[in-house]
Amino acid sequence: MDEENRMVRLGMLIDLNTCIGCHACSVACKAEFDVPLGVFRDTVKYVEDGTYPHATRHFIPVLCNHCEDAPCLNACPTGAIVRLENGEVTIDEGDCNLNRFCMAACPYGAIYVDVEKNAAQKCTFCEHRTAEGRQPACVEACPTKCRIFGDLDDPDSEIARKAGSHPVRSWKEEKGTQPRVLYIDPRNALSLIAEDGVQIDTEADLPGTQ
Amino acid sequence: GPRFTPGKTTGAVTRVPSMCQMCTTACGIIANVREGRLLTIEGNPEDPNSRGSICAKGVAGPSVLYDPYRLLYPLKRVGRRGEGRWRRISWEEAYDEIADRLRAIRESGHPEEFALQQGRNRSKDIVRRFLNAYGTPSHFTHRALCSLNRRAAILTTIGESDWDLGDFENSRYILNFGCNWAEAHQGHIPVATRMMRAREHNNAKIVTLESRLSNTAALSDEWFCVKPGTDGLIALAMSNVICAEGLWDKEWFDTWCNYPADKYAEHVRSYTPERAEAESGMPATAIRRIAREFAAAAPRCTTICNRGSHAHRNGFYNDRAITVLNALVGNMGKAGGWCWHPNAEWDDKQFPEPGPIPPKPTVRSVIADAKDWPLANAWQGREMKVGEIVYLWIKERRQRVSALMTYNCDQAWAWPEANLVRDVLADEELIPFHFCMDVMYSETAHLADIVLPWTTYLERWDIDARPPQGLVDYVGLRQPVVRPLGETKDLREVFPELARRIGGGMERYFPWQTPEEYFEEYFRAVPGGLSHMRAHGAWQDPRKRPHYLPYERRLSDEELAGSEIDEPTGVIYKGTDPKTGERQAIGILINGIARRGFTTPSRKVEVSSTFIAVKGEQADKRIDPLPIYDPIPSHSRPFAADELIMISFKWNVHNAHRTGQSKWLQEIVHSNPAWLNTATAAQLGLSEGDWIEVTSFRPHDPHVPHGDGSELGSLRTRVHLTEGVHPSVIAISHNSGRSHGGPIATNGRDQARIPAYGPASHDAKEQPWWAGALSVPQNDIMPIYPDPVSGQQAYHDTIVRIRKL
């Protein structure tokens, strides 16, 4: 295959060495899409680890993994979930009848219901931005540049070079979904995430009246 | 193509550079705007300080601009003050009433009876101009609640600056005493991004000492959980190790410090690592190891410190000890070391304020002078006041306040003993007239007579810059990225109009017709002037170089012409200081060479400061000229099982009251349970989520106002058990506990419709799912507790008792 016609394989690499847990990514996503309150396409998990006085905390940004073997796509009976040529997994809103099979199938809790649109929604890898040659909103917003987005199959891309020179892994590898969101995770933080998915537990708050 | 809704920023978008003001770091931003509506905000790569990076607060700007509970119209109260009943009025009516009140006070010959209370202020030029033109010195700030001790310690030691700027990006070792740069701090993102680059590129090691596992502590290579208020003792113990083991740069110290290294070694001899371990909990072996590592990395090593070390009753000395630790290893002013810059903002010689400039007031303000605290206002032009005593002193009638203006401040929620502040603000005898200018309704606006709707930072103008983390000064522009919403206005329109209406000569200091005209003049020194600034947002003079080794610079023959040398000290004097009238030092003779030196009285690093000792004597207080450890009186006795030290902290997504208005930020953090160490909780029989009552006590301290150890107040909250806090500590964030400001800010508590709001939003997207979540006002039980030498509020020293409910 010549270089001109080679298919791109878009992915994201998140270096947990330099993520400061600031949430700029998750707020940028909210702003870009006006994501309703209570649901998330992207967030940052905090995990406390270790015992006093040697405790620490890990910061792990999470989003849709745009899996090579996407359970959501396989589960969708209406064909609303499609894989674009560049590999991004997106939901065609018009074809979604909100049967929620995709939400049940996704091991990452990355899909939510948008009540206004009456459709399932999730991260699109900012297809509208990358089509214009720009970075996804979360990548652009990251102050420490801990997220790299690009073509995993282009050996000259920054993402491929960094993925090639560091040990990388993905979240819940045992699910066999072959995520395209990769992590440099020197402290083994991914395996410590107890909260299951991208959606945050909105019931977890302590009530304030006795 | 795919049929899904794309994000907002697809297609043609106008990009407007400006500066953030969600916190005080003032990072460069680019606003993406279409058809007059702000879509999103990103970092401006042309800003040399933030270099294209911003944090979650900066990205969340649109949620504050379009907050449905924003103040859009002026209000006048009907009924009693604090009753919450309002009438929408015109600007004309507001101007008339305010101008009439202020004119009467000014004409009475007591202009000091008009006071302005500000929080963070990035429009200093216009605020100063208005107050000076009016003639009032009653300008109350929040600095003593913020960074006073650190600034005072640095000014004492090096003179030239009150702000250290570690050269982190070029550093190999960063020793952090209680600075939470990953979440807050005045240099937040500019510092954090440089720290991460140092880690990536120099394999820099970051060590943090802090009483709570902040995100900064979590990001560090090592975290030591220390007892609050012991940072200075640890710095002295590390100094002890460095001296005892000869790890110092003795030649540098003896050349550039005003105190011999051998004598300093003697001074720190009693501060042994074992003594520091006993008080702080940091193991002596670790103190020795870290001291050795720090010294071995010199000169490419630096400390950083902030509220964890200095917002204490003994914080001035803590930061003195930390600062001098740098002098011991000779890293001062060196690449990768402990650096600073003389310009805290833009270069005001290059960019002078447009005239005519009003003179400073001639009358005095007892409250602003705060003479009980000798270092608060010791440095001319760098007066820091003592913010936490303002309302106590108004209550005690130390100074009459006939009219109070509150500007970008929520003192009724954010101040220590906020309930006292509320009582004073509610008292029409103590404060006969109060007008409040803010973006949103607050606890303080609730206690005003007139509320003025302020523009957000996205709708107004400023010249701005911060201490340059890259060690080269720069200048930035804040400009409107959209037209002001509703009837909101900025000070740059309101103050000139008030000046014209008050009259009496004030008006002549406001000759320009528009902010553009004023800023055309202000930015004249930029090639391309204001248009360049509007297109790029920031400018840095390409001829300027990083401020390394400023003290070594040789004085030129021209500088030396007409100078005289003081033989015993080597200090070179020339002419007289226009401010003090005393002879002016310009340099120092070092090994026969005339060099610039440090800008202290001795022209050296003042390890020992006569200046502060004399300031102390003038106020009948003893201030030690050397860095010492001054134990916190109430912490020195044994604690009962239910007694803890209450500390406060800030979350990365919050700043002050204004971030509470952001639905996106509040959605991430909207609650503040008390953090308790798991072992402490087990001893007290507490489990996750249990309710407790926290009762605070004033310090038992004769040097503190009302320091009688008496009970102050209680709050009820729930506990969060963690391995990430010191066993003697209870940590509560002060970002929560709002009771006014609409449902987003108050977790649904405040449902009042204020007539200053725009049309009600029935959009489900604007309703907080976190309504009813725990949110308690910590400041209500935080005693007014100034450091006796400086006036800095001690935020982390309060003794509390806790009781399971």
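Me: In this predicted model, are α8(B) and α12(B) roughly parallel or roughly perpendicular to each other?
Reply: The two helices, residues 231–244 and 284–297 of chain B, pack at an angle of about 65°. Angles of 65 to 115 degrees count as roughly perpendicular. Therefore α8(B) and α12(B) are roughly perpendicular.

Me: Is the crossing of α8(B) and α12(B) left-handed or right-handed?
Reply: The axes of α8(B) and α12(B) lie 9 Å apart. The crossing of this pair is right-handed.

Me: How many residues of the contact of α8(B) with α12(B) are nonpolar?
Reply: From α8(B) come I234(B), A237(B), M238(B), V241(B) and I242(B). They meet residues of α12(B) that include I287(B), I290(B), F294(B), R288(B) and R292(B). The contact has no polar residues and 2 charged ones; the nonpolar count is 10.

Me: Is α8(B) roughly parallel or roughly perpendicular to α14(B)?
Reply: Helix α14 of chain B spans residues 315–329, and its axis runs 7 Å from that of α8(B). The packing angle is about 25°. Angles under 35 degrees count as roughly parallel. That makes α8(B) and α14(B) roughly parallel.

Me: What is the handedness of the crossing of α8(B) and α14(B), left-handed or right-handed?
Reply: On the α8(B) side, the contact uses residues including G232(B), A235(B), M238(B) and S239(B). On the α14(B) side, Y317(B), A321(B), I322(B) and L325(B) are among them. By class, this contact has 10 nonpolar, 3 polar and 1 charged residues. The crossing is left-handed.

Me: How many residues of α5(B) are buried?
Reply: Helix α5 of chain B, residues 148–158, is mostly covered. Its cover includes β11, α13, α14 and α23 of chain B. Among its buried residues are R150(B), R151(B), I154(B) and L155(B). The buried count is 11 of 11.

Me: Which residue just after α5(B) takes a positive phi?
Reply: The buried residues of α5(B) include T157(B) and I158(B). Just after the helix, phi is about 75°. The residue with that phi is G159(B).

Me: Is N655(B) buried or exposed?
Reply: N655(B) sits in the loop between β22 and α24 of chain B. Leaving out residues up to four places away in sequence, N655(B) touches M22(B), C23(B) and K57(B). A residue needs 20 or more C-beta neighbours within 10 Å to count as buried. N655(B) has 23 inside 10 Å, so N655(B) is buried.

Me: What separates the C-alpha atoms of N655(B) and H185(B)?
Reply: The two residues are 470 residues apart along the chain. Their C-alpha atoms are separated by 9.9 Å.

Me: How many residues has the largest nonpolar core?
Reply: Residues with the most contacts inside this core include A24(A), V59(B), M238(B) and I730(B). Beyond its neighbours within four places in sequence, I730(B) contacts residues including L644(B), W675(B), V694(B) and I802(B). A second, separate core has 5 residues, V571(B) and I588(B) among them. The largest core has 300 residues.

Me: Which element gives the largest share of the side of chain B that touches chain A?
Reply: In all, 58 residues of chain B contact 51 residues of chain A. Elements of chain B supplying at least two residues each include β3, α6, α24 and β25. The side of chain B that touches chain A has 30 nonpolar, 17 polar and 11 charged residues. The largest share, 6 residues, comes from α6(B).

Methods: Residues are numbered from 1 along each chain as its sequence is written. Chains are lettered from A and ligands numbered from 1 in the order in which they are written. This is a predicted model: local features need pLDDT of at least 70, side-chain atom pairs count only at pLDDT 80 or more; totals for chains, interfaces and linings use all residues. Two residues are in contact if their C-beta atoms, placed from the backbone, lie within 7 Å. Helices (H or I, at least four residues) and strands (E, at least two) are DSSP runs, numbered from the N terminus. Ala, Val, Leu, Ile, Met, Phe, Trp, Tyr, Cys and Pro count as nonpolar, Asp, Glu, Lys and Arg as charged, and the others, Gly among them, as polar. A nonpolar core is a set of buried Ala, Val, Leu, Ile, Met, Phe, Trp, Tyr and Cys residues joined through C-beta atoms within 7 Å. A residue is buried if 20 or more other C-beta atoms lie within 10 Å of its own, exposed if 12 or fewer, and partly exposed in between; C-beta atoms are placed from the backbone. Axes are lines fitted to C-alpha atoms, for helices over the stretch in contact, and angles run from 0 to 180 degrees between N-to-C directions. Angles under 35 degrees count as roughly parallel, over 145 as roughly antiparallel, 65 to 115 as roughly perpendicular and the rest as oblique. A crossing is left-handed if the near helix is turned anticlockwise from the far one by less than a right angle, and right-handed if clockwise.
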